[in-house]
Protein chains: 2
Amino acid sequence: MILAIDGMGGDHAPKSVIDGAMLALNELPNLKIKLYGHKEKLNPFLTEHERLEVIHCEEVIEGEDDPARSIRRKKDASMTKMLEAVTDGSADACLSAGNTGALMAGGLFKVGRIEGVSRPALATTLPTIDGQGFLMLDLGANADAKPENIVQYAIMGNIYAKQVRGIEKPRVGLLNIGTEDKKGNELTKSVFGLLKEADLHFIGNVEARDLLNNVADVVVTDGFTGNMVLKSIEGTAGAMMAMLKEAFMSSGKTKIGALLMKNELKKLKTKLDYSEHGGAALFGLQAPVIKAHGSSNARAIYSAIRQAAIMAEHNVTEVIKTKIADSNKQQGD
Amino acid sequence: MILAIDGMGGDHAPKSVIDGAMLALNELPNLKIKLYGHKEKLNPFLTEHERLEVIHCEEVIEGEDDPARSIRRKKDASMTKMLEAVTDGSADACLSAGNTGALMAGGLFKVGRIEGVSRPALATTLPTIDGQGFLMLDLGANADAKPENIVQYAIMGNIYAKQVRGIEKPRVGLLNIGTEDKKGNELTKSVFGLLKEADLHFIGNVEARDLLNNVADVVVTDGFTGNMVLKSIEGTAGAMMAMLKEAFMSSGKTKIGALLMKNELKKLKTKLDYSEHGGAALFGLQAPVIKAHGSSNARAIYSAIRQAAIMAEHNVTEVIKTKIADSNKQQGD
């Protein structure tokens, strides 16, 4: 399994990317890494490894670059080259913690869609209280969605939950404003009917309020709503952590309290931590394209690499190809 | 100021409703309350008060009742009668902690829309880290919205922020997937252009991630998204509180830690507490219709009553009437 990695993407690149990559090479004996980036920037953090190849790139796609334009124009950027490695078959999957929009545009234009998938979707595993986690998609690859798009998200999410997370019969839920069958806006009402007929274990509507309580294994929604819900969860968790920290630091008494709670609070933070859950994946492309969080540390990069490796090993792309073809054929009948 | 209250609505009715009403009568000397409900159920919790009138109603609209049908058929229900009091002018505003859908349907059918308002919206004040709070609407009165509807939400929210919250020049933000002007789905892209031209202090797009950081005084969105974001915030805060409680109770050591933190944690809970922020209001009706949270305690009912009283005293309905007429006239020019 050969993984192409953008060494220059992310807030803590290249150090955290390289550290994460070295961790992965040590943990995963079948992994080979092609690392793309500016050698002068990479070298200070690099140590040689027989399964690591470094490819020099002159350019970098920055966070504020226009997504589609930068992918087109910056031909020698680390992200562009990394995507091309997947396209020409010299890598099985790729990963970047850089500009999300550029990675999505590049995934679409360079790696290309699976035949029959009209809209690739961005998916990630979010934590639940019980530690199980659930997959949510689309998180914003497409701001607008048609009912058929959301059904494809469900088919792809279902495959991921089976192949990568090992869930035999994933519970697929539709994010909606109420759990009753007839609830929703025009879009979700249409999707509900289609999902009932699809070859999935569709458990009906799920509410945003219950997401962290492990109500489903796969939750589908349009990209606008998915993005809103993801950021609301992130924002609220962040705000509460900030308030908690303030509360802990407010006096000598509370500081002692914090000390006594230290281990438990660390566990809680780990539970909510992105870095344990891998990155976000673009589903529906010809190869796995993984987006690690911009603020990824080495641990988060490692988890995302592991995710990419599992996706490649379990042939997620091939299974999606088959299932989407089947589903489109059925609809054509 | 005469307030009609549904004595039978909410998880802890009638006790919490009556306790909240008595608290309000003691605090607000200009307030008169008409309390609607079954006298046998109310009596055990009632004490006489010269500004309290109790009106017997045989029926109750239950939480699981069909909204539109129950309002039409249960003619002697406490919620129906309460709404009629506003309609016939014997009360200035009304409040219920009961069936949200029924209250919205009743508000629409019985109290009626302000001329020119095409869709009334559900609004509430949400807490921010700094304690300021912000108004968000629509929270789900309408699952689907047209761009013009959202502009009206902004006009109404702006008036509320000025009249009730005393903010001179409320910052109005559009909930969106990014802060850049051109971000969004088809709906928000259209709304953005209209809000720029409206007579408002429009500060552009705001992200769900930043809501609790006091980025705006009024945040507008369609009812589907608003409902999702509200429930995501509630769900995440609830999940974190549950995890925190578990962490605090896990050993003798952490229990001592919790004891040392007790006051600070209480403050944090109060900050996040609904009961301090009043209920949700239906904007765009001929009179203030307030929905208190179903799980309201006496304190939450009191806050919601206070909110209803301020809305009535500051003529929010009249100002909305004028502004909507002005805005529609401008568009007609």
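Biologist: In this predicted model, what makes you say that helix α1 of chain B lies across β1, β2 and β3 of chain B?

Modeller: Contact requires heavy atoms within 4.5 Å, and by that criterion helix α1 (residues 15-27) of chain B lies across β1 (2-6), β2 (32-37) and β3 of chain B, running at about 170° to β2(B).

Biologist: Which strands does helix α5 of chain B touch, and what angle does its direction make with that of β11(B)?

Modeller: Helix α5 (residues 100-111) of chain B packs on the sheet, where it touches β4, β5 (121-126), β10 (280-283) and β11 of chain B, and its direction makes about 175° with that of β11(B).

Biologist: How do you know that strand β4 and strand β11 of chain B pair?

Modeller: Pairing requires at least two bridges, and three bridges join β4 (residues 93-96) to β11 (residues 289-291) of chain B, two strands that run parallel; Ser96(B), for its part, stands opposite Lys291(B) in β11(B).

Biologist: Why are β3 and β8 of chain B called edge strands?

Modeller: In the open sheet of eleven strands in chain B, the order is β3-β2-β1-β4-β11-β10-β5-β6-β9-β7-β8, with mixed pairing. The strands β3 (52-56) and β8 (202-207) of chain B each pair on one side only, which makes them the edge strands.

Biologist: What relates chain B to chain A?

Modeller: A rotation of 180°, with 0.0 Å of shift along its axis, superposes chain B on chain A at an RMSD of 0.0 Å. The two copies are therefore related as by a two-fold rotation axis.

Biologist: Why do the copies meet through the same surface?

Modeller: They do so because 100% of the interface residues of chain B are also interface residues in chain A.

How values were computed:
Residues are numbered from 1 along each chain as its sequence is written. Chains are lettered from A and ligands numbered from 1 in the order in which they are written. This is a predicted model: local features need pLDDT of at least 70, side-chain atom pairs count only at pLDDT 80 or more; totals for chains, interfaces and linings use all residues. Side-chain values use heavy atoms; hydrogens and water are left out. Helices (H or I, at least four residues) and strands (E, at least two) are DSSP runs, numbered from the N terminus. Axes are lines fitted to C-alpha atoms, for helices over the stretch in contact, and angles run from 0 to 180 degrees between N-to-C directions. Copies are superposed by least squares on the C-alpha atoms of residues with pLDDT of at least 70 in both.
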